[in-house]
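User: I would like to go through the pockets of this model with you. Could we begin with what the term covers?
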Amino acid sequence: MTTQEYIDTYKYMAIRSMEEFGIPASITLAQGLLESGNGGSRLAVEGNNHFGIKCKGSWTGAKIYHDDDAKGECFRKYRNAEHSYRDHSKFLTESPRYADLFKLDITDYKGWAYGLKAAGYATNPKYPQLLIDLIEKNRLYQLDRPNGAGGLLARRKERKAAEAELNEPLAPKHTVEKNNGVKYIVSQTGESFASIAAQYGLSVKRLLKINDLKNSFPLPEGTALYIEPKRNRSSSAAVHTIDSGDSYHSVSQQYGIKLKKLQKMNPATRKFPPRVGQQLRLR
């Protein structure tokens, strides 16, 4: 993901944290950007952990192990990014060492950045400035005061606007269809693998795997993507005849069959490219 894609995908989660827990949205989003490497770190992709929060003694949830200050350290693993954002907020609000931060004004992102370092959130001495640079370069401070004014009335308007749009990046916008008994959606303008994965509680890696893809790419409008694992065989057609423009991957997508299973049923697909007129077994 680019920095802007990450911001567009997760800014409403950061606003939710501000409204519910009193943490500046700019700080939450900057930490997410920095700690997850724009959502591309192993912890974020495989564990939905966007803030580098370690297990610690009180953690009873899922775990993922990763080399950090020491080899094979235990990190918290989440079902989706939204759970990671919420746990980050609870992590800050429930720990006494961060209590002084909540005495700061909601718009004092610099105070929060230096306060997080002083309270021991990170060991990097440049951590405060890294957060501040991200906030100022991307104008994330605007999220702390979306209506451009302080006071109770403006805060109420903020909350109303945030609540109206809060679930926009997460709530599915698609009509979920089924093919071969498998749920799929069709991408819309401006969507990415990351934004679709976030909507359906998947990691990007999982979404790619379900669709037999190895890498993400700019997602064209009208691309069919499965949001749950495909089947081992077709429940309708028994055979497909290769037409011009077909690939083994496109056939697996057309019939909702896992590519490996299609290849297993048709051993020649592992050695030779598809040719017009070639027949493929589908079950």
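Analyst: A pocket here is an open set of points on a 1 Å grid over the protein atoms alone, with protein on both sides within 12 Å along at least five of seven lines. The model is a predicted one.

User: How much space lies in the second largest pocket?
Analyst: The second largest pocket holds about 400 Å³ of space.

User: Which residues line the second largest pocket?
Analyst: Its lining includes Arg206, Lys209, Ile210, Asp212, Leu213 and Lys214, and also Pro229, Lys230, Lys258, Leu259, Lys260 and Gln263. Helices α9 (204–210) and α11 each contribute at least two residues to that lining.

User: And how do they divide by class?
Analyst: Seven are charged, four nonpolar and one polar.

User: What about the largest pocket, how much space is there?
Analyst: The largest pocket has about 550 Å³. There are 25 lining residues, and Glu35, Gly52, Lys54, Asp68 and Tyr121 lie nearest the centre of the pocket. The lining comprises 11 nonpolar, eight charged and six polar residues.

User: Which helices supply at least two residues each there?
Analyst: Among them are α2 (25–36), α3 (42–47) and α6 (127–137).

User: Changing topic: which residues of α10 are buried?
Analyst: In α10 (residues 248–255), the buried residues are Tyr248, Val251, Ser252, Gln253 and Tyr255. They pack against the strands β3 (177–179), β5 (224–226), β6 (239–241) and β7 (279–281), and against helix α11 (259–265).

User: What follows α10?
Analyst: Gly256 follows α10, with a positive phi near 65°.

User: Finally, how many helices and strands does the protein have?
Analyst: The protein has 11 helices and seven strands, and 45% of its 283 residues count as buried.

Terms used. Residues are numbered from 1 along each chain as its sequence is written. This is a predicted model: local features need pLDDT of at least 70, side-chain atom pairs count only at pLDDT 80 or more; totals for chains, interfaces and linings use all residues. Side-chain values use heavy atoms; hydrogens and water are left out. Helices (H or I, at least four residues) and strands (E, at least two) are DSSP runs, numbered from the N terminus. Buried means under 20% relative accessible area, exposed over 50%, partly exposed in between (1.4 Å probe, protein chains only). Contact means heavy atoms within 4.5 Å. On a 1 Å grid over the protein atoms alone, a cavity is a set of points where a 1.4 Å probe fits but cannot get out, and a pocket is an open set with protein on both sides within 12 Å along at least five of seven lines; lining residues have an atom within 4 Å of a point. Grid points are joined across faces, edges and corners, and a volume is the space filled by probe spheres set on the points. Ala, Val, Leu, Ile, Met, Phe, Trp, Tyr, Cys and Pro count as nonpolar, Asp, Glu, Lys and Arg as charged, and the others, Gly among them, as polar.
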